[in-house]
Amino acid sequence: MVSRITADDLRRLIDDESSFALIDTRLPDNFEAWHIEGALNFPYKPGDTVTKDELYDRLGVTTDDHIITICAKGISSDHFADALTDLGYEDVSLVEGGMKAWSAVYDTVTIPTDSAKVTVIQVQRRAKGCLSYLIIARHTGTAAVVDATRHTAEFISLAERHGVEITDVFDTHVHADHLSGGRALADAVGATYHLGERATDRGVTYDYDALGRNEVVTVGDVPIKAVAVPGHTSEMVNYLVDDVAVCSGDTVFTNSVGRTELQFGDADAADGARLLYQSLHGTLLAEPDDVLVLPGHFPLEADGSSPSATPGEPIFTDIHTLRTTLSLLALPEAEFVERITATLPEKPLNYETVIAINTGVRDLTDDQEATELELGPNNCAAEQVS
């Protein structure tokens, strides 16, 4: 009999380094574009025939192995799991909801800060590499969320577990690689939704609180300052939290900087790169050495691997480390611009549609469309530097 497990159960098995074979039954193109690290591909649709010899020859699995099946939504993998039990495989599990459910798996970790007033919880979306933040004002029971993803229930539940009220929701910019949950979260909890004042230049159609350069929003007794850092996008804002940490969005990551052509276009990517250079050196890197840098993403490959980050552990750096170890930041401006525009990485899937939805120009059809639009890992870094 097939046992059914959740995507969170699968995450725990992976983290515990349990022994199993994860078999993904999607078509090869879909599998290669995005899958869980270590998964094996065996395309299957209901009614296909399969033999033990074929499974062993192609995948190396036997009837003694614990086999877990997964597909896009848990349909073809369900039939495949039944076919395996019919062949005599006794230890077979099915991931309910498939990769759709996997895309909604989150880890939460606390970022260590020196502030006596604030607790920062990093919310990691494991399948996309998206990083969001719950910023808690310890003395007042209030909180803010930065760069919420579309699974708003995750943030509401997290706030409830910590016994705090979300009063403010911030987006660093109009995202291109995933659907923002900022507006929906703010509406759900009755919070104020903030963007940088230049978001109108991006064609944003909905109402928001427009934050000017260096404007401060106080959440409880915690100041959050909007720091204008155009480059990745023209309206990009970073948020300096209590002078101890900065939510950097896609301006800079732990091992790279943001790409610049998603808004500016391939032809004008150099213009964005010059803006980014000036923002990095004139603004962000002017912060004190010990200010923590909390990026908006961690690097994630199509094969599910994360070469320079460990999901479930805090992902951050600080100004000193960036300044002294990230080679891109040591380059003169002309070389920096040439370096990050010389070979543009593959664009995020469906990014133009994602931008249209995030600006309010286009409505999202339903949850199924959201899942399809967000397939694949984030791809907002100019390059990955080891």
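Start by selecting helix 6 (residues 152-161) and helix 7 (residues 182-189), whose axes come within 9 Å and cross at roughly 45 degrees. Axes here are lines fitted to C-alpha atoms, for helices over the stretch in contact, and angles run from 0 to 180 degrees between N-to-C directions. Helices (H or I, at least four residues) and strands (E, at least two) are DSSP runs, numbered from the N terminus. Helix 6 and helix 7 are therefore oblique to each other; angles under 35 degrees count as roughly parallel, over 145 as roughly antiparallel, 65 to 115 as roughly perpendicular and the rest as oblique. The crossing of the two is right-handed, a label used if the near helix is turned clockwise from the far one by less than a right angle, with anticlockwise being left-handed.

A word on what you're looking at: this is a predicted model, where local features need pLDDT of at least 70 and side-chain atom pairs count only at pLDDT 80 or more, while totals for chains, interfaces and linings use all residues. Residues are numbered from 1 along each chain as its sequence is written, and side-chain values use heavy atoms, with hydrogens and water left out.

Now show side chains where the helices touch. From helix 6, pick Thr152, Phe155 and Ile156; they meet Ala184, Leu185, Ala188 and Val189 in helix 7 (contact means heavy atoms within 4.5 Å). This contact is made up of six nonpolar residues, one polar and no charged. For that count, Ala, Val, Leu, Ile, Met, Phe, Trp, Tyr, Cys and Pro are nonpolar, Asp, Glu, Lys and Arg charged, and the others, Gly among them, polar.

Next, the rings. How many aromatic pairs does the structure hold? There are seven, counting rings of Phe, Tyr and Trp (its six-membered ring) with centres within 6.5 Å; planes under 30 degrees apart are stacked, over 60 edge-to-face and the rest tilted. Select Tyr44 and Phe80, a tilted pair at 5.1 Å centre to centre with 55 degrees between the planes. Tyr44 lies in the loop between strand 3 (40-41) and helix 3 (52-59) and Phe80 in helix 4 (residues 76-86), so this pair ties together parts 36 residues apart in sequence. Tyr44 is buried at 9% relative accessible area, and Phe80 is buried at 0%; buried means under 20%, exposed over 50%, partly exposed in between (1.4 Å probe, protein chains only).

Another pair is Tyr106 with Phe155, edge-to-face at 6.5 Å centre to centre and 70 degrees between the planes. Tyr106 sits in strand 6 (residues 106-111) and Phe155 in helix 6, 49 residues apart.

Back to helix 4. Which of its residues are buried? Pick Ser76, Ser77, Asp78, Phe80, Ala81, Ala83 and Leu84. These buried residues pack against strand 1 (3-5), strand 2 (21-24), helix 3, strand 4 (67-70) and strand 5 (92-95). After helix 4 comes Gly88, with a positive phi near 105 degrees.

Two last stops. Most residues other than glycine have a negative phi. Asp147, though not a glycine, has a positive phi of about 55 degrees; look in the loop between strand 9 (142-146) and helix 6, where Asp147 is buried at 4% relative accessibility. Asp243 also has a positive phi, about 60 degrees, in the loop between strand 15 (237-241) and strand 16 (245-249). Asp243 is exposed, at 58% relative accessibility.
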